[in-house]
Amino acid sequence: MKTGGKSYVSSPPAFSNDGKRLLVCTGNTVSIFSTSTGLQIASLEGHTAPVTSVIVVPASSPASKILCCCWTASLDGSIRHWDFSVPDLMKKVDIKMPIFSMVIPSLLVQPVENDEKPSDLFAYLSVEDTIEQENRPKASRGQIRKCNLTASRLIGGLILKETPTPEFVAVSSVGKFIGIRNKRKLHIWMVPEKDSGRSVSKKIALHHTKNLTVLAFHPSKRIVAAGDVTGRILVWRGFGYQTFSVSDELVSGRLVDKEEERPGVRGNDDADSCSTWHWHSAEVNVLFFSSDGAYLYSGGKEGVLVVWQLDTGKKKFLPRIGSPLLYYTDSPDPTLSSISCADNQIHILKMPSMEILNSISGIKLPHSLPGIYEGLYSGFAFDYSSGLVALCTENYGIQFYSLFNDRGIYEVQVCERNHQPADEITVVVTFVALSQDGSMMSTVEAKLPEEGIGGLVCLKFWALGSENKKFSLSTVIYEPHRDAGISAVAFHPTRNVAVSSSYGGDFKLWVCNDEIQEKGLMLQNSGWACLAVGAYKKKPMTAAAFSCDGSVLAVAAETVITLWDPNKNVLVAVIGETLTPIVTLSFAGNSEYLVSVSRGSKPQLSIWSMSKLSLSWSYKLHIEAVACAVNLSSFAVLALLPESSICMESEPSFQGRDGIILVFNAMDPVPVSTWSVKKAKGGGVAFLQGYTSSLKQNNSDGNAQQELLVYINSDREYILFDPYGNEANELGMSQQDGLVEFEETEKFGYASIYGELPKLNLTRNQTSLVPSVPSERPWESIFSGSSHNLPPLTKVCSAFLESLMEKRTAVVE
Amino acid sequence: MAEPSSSFKPVKPKLKPKPRTPKQTPESKYWSSFKTHQIPNLISSVTSINFSPTTPHPFAATYSTSLTLFSPQTLSPSSTISSFSDVVSSASFRCDGLLIAASDLSGLIKVFDVKTRTPLRKLRSHTRPVRFVKYPVHDKLHLVSGGDDALVKYWDVATETPILELQGHKDYVRSGDFSPVSHELCVTGSYDHTVKLWDVRVADSKSVMEVNHGKPVEDVIFLPSGGLVATAGGNTVKIWDLIGGGRMVFSMESHTKTVTSICVGRAGKVSGEEGRENRVLSVGLDGYMKVFDYGRMKITHSMRFPAPLMSIGFSPDCGMRVIGSSNGVLYVGKKKTKEENVESGVRSFWSLGQEERRVMRPSYFRYFQRGQGEKPKEGDYVVMRPKKLKLAEHDKLLKKFRHKEALVSVLDGKNPENVVAVMEELVARRKLFKCVENLNNEELGLLLMFLHKYTTVPRYSSLLMGLTKKVLEMRIEDIRGSEALKDQIRNLKRSVEEEIRIQHSLQEIQGIISPLLRIAGRR
């Protein structure tokens, strides 16, 4: 079992002290990525609910830069302290309240003198008050609290502020101020220099006329910036001189309270001036001051990172990032920073020039589809053999995501167009299909018309390049079925033939003709061309599938299924019918059964026998997705539980689960096995060829040709498991299996210069030696044999020591 | 992972369908690279064309009662011999290019000095019109001729006497050729459908070999290997293997009318002499010249001329192809020669005096650009300047979201594909109608002119017809107010009416054809 596809952008990431690692909150774990390669190195596991904050303990001296400690806070109500180089849990503080945000200002304060006894460590938390939920349903649920981490307890009774919802807590980079936004106000506290448990810090509020979204503190001066929902950025200068003034360092002249000397400041807000910058057209999500305080970074829904020169207000841009920005994080290394985008990508930026060095690409999230394409959209296709999933992305591309390695492989741009994240969706990739061997892909894109003109449906065929293993465009077909939309594309299992069915009432068979010219000079001219057109009573064709051997083509004409001979394009038979239009057709493996799914008011899962041309059995189920095993006659369906049953059943086993995966044998209406899952609406299932190398459990079985079932939910989180194994039937996405890959990204010493030494020698020795030693003293014979056969001592040494240790344990037992 | 999103993507017009077969093979490119010149006003049809074997390969064309030599450089007649009493049927250069033999329909064969045009010998023995005369390839002393008396004669030129009279043909002898490898073998073709191979050493005047073409033979040539013979007769050109006992290798039937003349041409790269391959060039009364690759048995090029063609010749240096038509026009195809080399050589000779280079001083503009055009040496590490993405004007405007300006700028350009691409992009941005609304009268006129031109073009009509309707709806007030715009609308109306008329007639045709197809499909 293997899970993955977590969101990388649920909360801001954090850089390690050397800037070489990036700690990213991924669901219940914190994944550590290398910034140079973008690959995952390790993960911190232990939290039982999504992690919301990760704070790296900053290095106070250059010597302690190798120190790798971090604090994490999670919705499970615990704060943990880790050494992430090992990785190892060092401390756990349980406060029993879901934590949405945590800051530890005292970590950021540079220690002045070391002879003093280190004071307690205090964290400021934004928690959700779950206890009083029943009594006061409308009350404020978010609270800002303080926690003594050294003593591992929450400071009782001290609630700094109550807000309607838990808010993100911002802290200034020297740890002097913390602040939150609350509707149209900013609340700012000054952290006392000698923080103690009960000390209530002073608070000011700054007001604005629009809802604020984000705030940031200047690293050295008393400047706070905030963004609002309309895209304005407000910069308050000199805030809090009155309230936060310490008596002995009172600055005279600052206390003059005259309205005309405080331009832009509302009411009695404690600030010298407030200026407004407006460039963003929509909500500002990102605000960040550069470490020297000269620049302010801002970003929002447009996907443009704007750099403001703080003194002059001049702007520089990093345009076309392609997705709304969520977080900006800078690193102790001044040349590196990262931006997190809404499409689950974290881009590592090279700083002064703002080049994108590297991207940590998570699985791209589904995007909303306008109008007619809403219901029938799956948006992904699975590559059976290589374990890839191809996902339609919002920026008109296809992302290939490796399910076994849990990382994005590459992206293919389907439509050459500049994506503006804030705009209305007018061009959309509606469909992707992969051939069974994964060598061909077809995509359908639709351009939506403006007031009835300019609409375009475009079918594209792609071929996998032989050397770079990337898809390249082979053929473009504009308006393959006049202006009608395409409902399905399916590939022939063995030949270069594909079928596309349309709502316009016809289906077309496409054939790829590989014309190799006689002369070697001529390029291979291959293209797809229409071979045949078919229609049945001018009914909209809603689904299409080839049988396992490719001898039968099944096309659903609304409620009936038409069977065709793809070679002669002759209608063979018509079977049916169902109550509502069929949306999916699939042959159950190599059996003679055809699975059809219809949705709507009377959903139905029907199994048709091809030999009898009649209905074999059926269920009244709302099926979200169907997957058929390739070589067996079994198939899996993802069914949505009816809403009534979710509401009625208050059993703990069904909480939050709205879907069920059923594995059937086509002959038998009794499911072979079932699993209940969460977030099934919009999800999918598929069978994949199991890889023994990537799944250790299969390794022990030694069964290479095992098929795995993958379930991907609506948030594009997925789980891979063996449907025939005797594993636990419990399959919540909350379950974690300790199978994260540890990839050593950096090589040292010899290996960095000359590459890895071949390991063949060692393994051969082990295999030949260990079974040949039946005696209880294997170390005696380990060096036997002629000297030129013997591997170098350095290599034999480990095996030798190992054999000694084995002996010991045997004795103990 | 590469980050493709950071560069701006210009709008691209839709792709056009590619023809399944490439439009131009390298070979057809070669053949069409001959630049055609016309030499008109020769009287009556051109009966034969013959190239001199010596450089610069002047060629002789025979027509009416005269023979004209053309210079290959200027394509102008250098000399004309018109001392014939009847129509000249054929001419042949001797292998050294100094003498030329010509035959006429009175039965006389004359041998001239090419330079002085003086007739040196008169060979009189044929009683009927002579149709061909031919010098052997390496023999300076003999000639072969054939004519309507069905006799082939082998002449000793010096004594003006026929050495051999080769009998065997039963009809007019129309053509003949000497073997390129031996001066004793010749082949003749006759209207009795046969092609006979003669050996002049055999005195019994029997043909060595005989093949039947099946149609009256118009022309026969040896192919350069000496083992193959190509014959033309009727609509076909046939290739025969003489060494293999007169076996027919291939029959090329792509002319629609009688093939009148064939010759050997060479195709291939211009530079490498060894890269050239031999082809059979054939011309016919259907006005086509076909290039036949007898190695692959394929027609590799075909070219249409506006008149029935009578004769063809191909220069030995591959620089020229001359075709004579029945109405007295010579179509000369000439390849560009590298005369520039010669000229530059001349210039360097003349510029010897100014060899020393001028010293660069900061007073020249070039001083500041010195060394910038330097090519990198072999071992140099080249640091490339990042390629600048060139954006068209409309792309720049689209990048700045100045939609109306982008539309106007692309309408100013002359490329309809780009205009449609920009319109599609504006549709995707939901800004097209806003743009149309904001156009001023002048720009609206521009748009209307574009619509008038391209609304009925099938490739663009799906978008433009809808747009035209919308534009008329939205801007009706402005159009009423301006005479110029009214004119545009009138034009638009006319082109739409035209299109409707075409559609009607197409539908009529469809109405006629579809029952036929239905019937055909039933069988």
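# A chat about chains A and B

Colleague: Which residues make the nonpolar surface patch of about 740 Å²?

Modeller: In this predicted model, the patch is made by Ile502(B), Leu506(B), Ile509(B), Ile512(B), Ile513(B), Leu516(B), Leu517(B) and Ile519(B). Patches are built from residues with over 30% relative accessible area and no salt bridge, where nonpolar side chains (Val, Leu, Ile, Met, Phe, Trp, Tyr) are joined within 5 Å and like charges within 9 Å. The accessible areas come from the Shrake-Rupley method with a 1.4 Å probe, and for residues only the protein chains shown count as cover.

Colleague: Before we go on, what should I know about the numbering and the cut-offs of the model?

Modeller: Residues are numbered from 1 along each chain as its sequence is written, while chains are lettered from A and ligands numbered from 1 in the order in which they are written. Because the model is predicted, local features need pLDDT of at least 70 and side-chain atom pairs count only at pLDDT 80 or more, whereas totals for chains, interfaces and linings use all residues, and side-chain values use heavy atoms, with hydrogens and water left out.

Colleague: Where is Ile512(B) found, and is Ile512(B) buried or exposed?

Modeller: Ile512(B) is found in helix α10 (residues 483-522) of chain B; helices (H or I, at least four residues) and strands (E, at least two) are DSSP runs, numbered from the N terminus. Ile512(B) counts as exposed because its relative accessibility is 56%, given that exposed means over 50% relative accessible area, buried under 20% and partly exposed in between (1.4 Å probe, protein chains only).

Colleague: And which residues form the positive surface patch?

Modeller: That patch is formed by Lys388(B), Lys390(B), Lys396(B), Lys399(B) and Lys400(B). In this count Lys and Arg are positive and Asp and Glu negative, with His and the chain ends not counted, and the place of a charge is taken as NZ of Lys, CZ of Arg, CG of Asp or CD of Glu.

Colleague: What else is in the loop between α2 and α3 of chain B?

Modeller: Ser363(B) has its place there, and with a relative accessible area of 60% Ser363(B) is exposed. Ser363(B) and Ile43(B) are 320 residues apart in sequence and, from C-alpha to C-alpha, 66 Å apart in space.

Colleague: Switching to chain A, how many residues of β56 are buried?

Modeller: Strand β56 (residues 707-712) of chain A is mostly covered, as six of its six residues are buried. In a regular strand the side chains alternate between the two faces of the sheet. Here Glu707(A), Leu709(A) and Tyr711(A) point one way from β56(A), and Leu708(A), Val710(A) and Ile712(A) point the other way.

Colleague: Which strands are joined to β56(A)?

Modeller: Strand β55 (residues 684-689) of chain A runs antiparallel to β56(A) and is joined to it by six bridges, with Gly684(A) standing opposite Ile712(A). Strand β57 (residues 718-721) of chain A is also antiparallel to β56(A) and is joined to it by four bridges, with Val710(A) opposite Leu720(A). Two strands pair if DSSP finds at least two bridges between them.

Colleague: What lies between β56(A) and β57(A)?

Modeller: The two strands form a hairpin with five residues between them, and Arg716(A) in the turn has a positive phi of about 65°. β57(A) is joined by three bridges to strand β1 (residues 2-4) of chain A, which runs antiparallel to it, and Lys2(A) has Leu720(A) as its bridge partner.

Colleague: How many salt bridges are there over all chains?

Modeller: The count comes to 34 salt bridges, where a salt bridge is a side-chain nitrogen of Lys or Arg within 4 Å of a carboxyl oxygen of Asp or Glu. One of them is between Arg417(A) and Glu425(B), with the closest N and O atoms 3.1 Å apart. Arg417(A) lies in the loop between β33 (407-413) and β34 (427-434) of chain A and Glu425(B) in helix α5 (residues 416-428) of chain B, so the pair joins two chains.

Colleague: Are those two residues buried or exposed?

Modeller: Arg417(A) counts as buried at 7% relative accessibility, and Glu425(B) counts as buried at 8%. Glu425(B) also meets the side chain of Arg429(B) in a salt bridge (2.9 Å, N to O), and Arg429(B) is buried as well.
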